[in-house]
Amino acid sequence: MKYVSTRGQAPKLNFEGAMLSGLARDGGLYVPEHFPKFTKAQMTALRGRPYEDVAFAVCAQFVGSAIPAKELKAMISAAYATFDHQAVVPLKQLGPNAFLLELFHGPTLAFKDVAMQLLARMMDWSLAKNQRRAVIVGATSGDTGGAAVAAFEQSQNTSLFILHPHGRVSDVQRRQMTTVKSPAIHNLAIEGTFDDAQAIVKALFNDHKFRDGVGLAGVNSINWARIMAQIVYYFYAALALGAPDRRVSFTVPSANFGNMFAGLAAKRMGLPVDKLIVATNSNDILDRTIKTGRYQVTGVHPTISPSMDIQLSSNFERLVFLANRNDPAAVRAAMGSLAQSQSFTLKSPALKSIRAEFSSGASSEAETSASMAETLKHTGELVDPHTAVGLHVAMQHQVQSPMVILATAHPAKFPDAVQAATGQTPRLPLHLSHLMNAKESFKVLPNSVQAVKDYILSQEGH
Ligand SMILES: *Cc1c(COP(=O)(O)O)cnc(C)c1O
């Protein structure tokens, strides 16, 4: 399996190369040259099998010969042994045709754990094999950071620098990152928004001298290995609901579009997916783009679903590539326009192909709160504000197939919003009860690429 850059001006890499490089050297994102296909018989054979078996079947297609099967199996088992539910990602019925896919049973209570637990193991294995070290940098709107810290805490071959927007993540989210004591973990609070933090990370990758000097690697969803790990649960859920003999729809609370892109990838691999519905909060660039064809950056404003408070959606570039039939020139034109004028317009064949596969909707703050209250009243389930965005948007769409709403976080991660909307206080699972009293450590830095660079160099002893 080979991976190509969406901008077509970086070398093709194998799985290991794509995983360790994160962003391609031309600023693009790696995508598989073509999607492996599952036959109906192969899918039927996976029905009823444990999550780990489905994960191996899917991941082995993308990993190819980069990791021996025995090693990959062991990493998958270890990754999902950290989850506190036997089904790993249980599917819960909410109504006659609606299901919640609970992706939050990992160590940090958000779906980011699903990919991060596996990615950390694969990276550490690969670095050890090649006798290399890596400096990992990542930006977080709240959940990626905690998931990365939990996953890389034990890593032997990496240092991790996580940038979060200062004062714009929830207390639980921040504490999950800042209370972990390990010399390899560095928390940087950037005086800016998530988009500022993400822009700094991209700038570090695009500085090839710095990148090569420290051995930079990335764990944001620009890293293909994360998308790969997320494809698994689309298969797992659809198979449980009757695929490949029945089509299934998905609604995904979306921001950077990594989770949603994994759903599209599953469809390209042969999974019978009916509708893919993109749900956003009032930071609605994805909804506007699908409705109008124009990707236009406006301002970011804070909401009660902070992990979705972004405007620049990096994985949308992967969709632009696929919708333009893998034409990197079309992606370069769009990204050039984005850099210059904060916007681009999708050409009509590309927009048509996107609309054939996706619908979208946005949830206002009031609608998200009402969705939490209604869900509790009608189903007895306490859901987090991100999941509530998904539920609200899913309810606006009529589909014939079973609808799976991805539950991306545990309600206890966002207790204030849940309490305000429902009057109930979600309890943190026992293993996190120490969190609110533990000592925090993080460094506040200005919104400046140079400041972050200098800090990393000082910590790495350069
Ligand atoms: C990261 C995150 C999202 C957005 O996922 P993307 O892959 O960036 O679209 C939604 N909900 C929660 C709870 C998250 O942590």
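The model is a predicted one, so local features need pLDDT of at least 70 and side-chain atom pairs count only at pLDDT 80 or more, whereas totals for chains, interfaces and linings use all residues. Residues are numbered from 1 along each chain as its sequence is written, and side-chain values use heavy atoms, with hydrogens and water left out.

The space that the ligand takes up is the largest cavity. A cavity here is a set of points, on a 1 Å grid over the protein atoms alone, where a 1.4 Å probe fits but cannot get out, and a molecule sits in one if more than half of its atoms lie within 2 Å of its grid points.

With F257, a backbone N or O atom lies 2.9 Å from an oxygen of the ligand. The protein covers 97% of the 390 Å² of accessible area that the ligand has on its own, with areas taken from the Shrake-Rupley method using a 1.4 Å probe. Polar contacts of this kind are pairs of N or O atoms within 3.5 Å; within protein, one atom must be able to donate a hydrogen and the other to accept it, and residues adjacent in sequence count only if both atoms are side-chain atoms.

F257 has another feature to look at. Its phi is positive, about 70°, although F257 is not a glycine. F257 is found in the loop between β9 and α11 (258-268); helices (H or I, at least four residues) and strands (E, at least two) are DSSP runs, numbered from the N terminus. F257 counts as buried because its relative accessibility is 1%, where buried means under 20% relative accessible area, exposed over 50%, and partly exposed in between (1.4 Å probe, protein chains only).

Q342 has a positive phi too, about 60°, and is not a glycine. Q342 belongs to the loop between α14 (328-341) and β12 (343-345), and at 43% relative accessibility Q342 is partly exposed. A cis peptide bond, with omega about 5°, joins A243 and P244. P244 is in the loop between α10 (224-240) and β9 (248-253).

S5 sits in strand β1 (residues 3-5) and is buried at a relative accessible area of 3%; a polar atom of the S5 side chain lies 3.0 Å from the backbone nitrogen of R7. F56, in helix α3 (residues 51-63), counts as buried at 18% relative accessibility. P349, in helix α15 (residues 348-357), counts as exposed at 58%.

Conventions
1 Å grid on protein atoms, 1.4 Å probe; cavity = no way out; pocket = protein on both sides within 12 Å on 5 of 7 lines; lining within 4 Å.
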